[in-house]
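Reader: Please show me the structure first. After that I will ask what stands behind the terms you use.

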Amino acid sequence: MLAEVLVYLTTPCPTAHRRLGHLKAAVDLWSRAGRCAAAWAPHYRQCWSVVERAMADLPRRRKVVVLGSGLVRDVPVARLAAAFETVLLVDAVHLSIVRLRLVRHRNVVLVTRDLAGLASDGRPSGDPLAEFAADPEVDLVVSANLLSQIPLAYEDLAAAHTIATLPQPDAIGPVLVAGHLAGLAGFRGRVCLLTDTEQRTVDRAGRVLETVDLIGGHRLPVPDACWTWTLAPFGEDGPEHELVHAVVGYVDFNRALRTSDAA
Ligand SMILES: C[S@@+](CC[C@H](N)C(=O)[O-])C[C@H]1O[C@@H](n2cnc3c(N)ncnc32)[C@H](O)[C@@H]1O
């Protein structure tokens, strides 16, 4: 608990992002990642493998942009820093502890952005990925387990009716997920997408008690890899159930989209 308070207090974070709960969510994520390290390790290995496949045969490696970089555990940052001239890590908040870990990588740049594409009054504020897509040096983009997370802060706000102009709570997920996918389609460089798509609540007998869609009902093309991520092993969310996420990985998401459109 003391460690969490220290990380919270030492992390620089724009007030607007703090108000949206990004800082608290990031500290909670860090804390949970520590408690669930063993359960999350296979998920990280799968993510790294997809990113490594995405970077393997790129003709040029000038800039890589990691969207939703967070704890920077699901991307092989040392390998990215060695292979690319510049690594841009983009997130609503970069925890002090993550900043410290990255100091030795001179070509890693932290960019603080809210990637939801909504202004503080809840109205659409344009494509938050446009500034990165406009950069002709971006050879690889990794959307790193961000897609399902973008709506979360806004769903809470919409439910609390704090911002009258926000779409209805039910519509926020589909709108923001569609916005991120449309933004990814705007890149000329390769886009590697990692995302969880569904949460299953499973009891000790292996029965699925509940299934929740995490990406606003969107149907994604056939992935290059799929796996499960035990987000909350037994005891984390409750003693008698675990939360298991279905995750998909795309080495080249825009190619997968074109292939599925053509089929
Ligand atoms: C599941 S975590 C991703 C994990 C991360 N790639 C890692 O290795 O730890 C989701 C990340 O998305 C970020 N995020 C959620 N909503 C966001 C938003 N609207 N804008 C920018 N980042 C956001 C969170 O801060 C968090 O770091």
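**Ligand, strands and loops**

Author: A backbone N or O atom of Ala-92 lies 3.2 Å from a nitrogen atom of the ligand. The model is predicted, with pLDDT of at least 70 required for local features and 80 or more for side-chain atom pairs, while totals for chains, interfaces and linings use all residues. Numbering starts from 1 along each chain as its sequence is written, and side-chain values use heavy atoms, without hydrogens or water.

Reader: How much of the ligand does the protein bury?

Author: The protein buries 93% of the 600 Å² that the ligand exposes when taken alone. These areas come from the Shrake-Rupley method with a 1.4 Å probe, and for residues only the protein chains shown count as cover.

Reader: Which residues come nearest to the ligand, and what kinds make up its shell?

Author: Gly-68, Arg-73, Asp-74, Asp-91 and Leu-115 come nearest, out of 20 residues around the ligand. A residue is near when one of its heavy atoms lies within 4 Å. The shell holds nine nonpolar, six polar and five charged residues.

Reader: Why is strand S1 called largely enclosed?

Author: Buried means under 20% relative accessible area, exposed over 50%, and partly exposed in between (1.4 Å probe, protein chains only). Five of the five residues of S1 (residues 63–67) are buried, so the strand is largely enclosed by the rest of the structure. Lys-63, Val-65 and Leu-67 are buried on one side, and Val-64 and Val-66 on the other. In a regular strand the side chains alternate between the two faces of the sheet.

Reader: How do you know that S1 pairs with S2 and S4?

Author: Strands are DSSP runs of E with at least two residues, helices are runs of H or I with at least four, and both are numbered from the N terminus. Two strands pair if DSSP finds at least two bridges between them. S1 and S2 (residues 86–91) have five bridges in the parallel sense, and five bridges also join S1 to S4 (residues 138–144), again parallel. Both therefore meet the criterion. Thr-86 in S2 is the bridge partner of Lys-63; in S4, Leu-140 is the partner of Val-64 and Val-141 that of Val-65.

Reader: Where does S4 pair next, and how covered is S4?

Author: S4 pairs in parallel with S5 (residues 190–203) over five bridges, and Leu-193 in S5 is the bridge partner of Ser-143. Seven of the seven residues of S4 are buried.

Reader: What makes Val-87 and Val-72 buried?

Author: Val-87, in strand S2, has a relative accessible area of 0% and so is buried. Val-72, in the loop between S1 and helix H5, has a value of 3% and is therefore buried. Phi of Val-72 is near 55 degrees, a positive value in a residue other than glycine.

Conventions. A polar contact is a pair of N or O atoms within 3.5 Å; within protein, one must be able to donate a hydrogen and the other to accept it, and residues adjacent in sequence count only if both atoms are side-chain atoms. Ala, Val, Leu, Ile, Met, Phe, Trp, Tyr, Cys and Pro count as nonpolar, Asp, Glu, Lys and Arg as charged, and the others, Gly among them, as polar.
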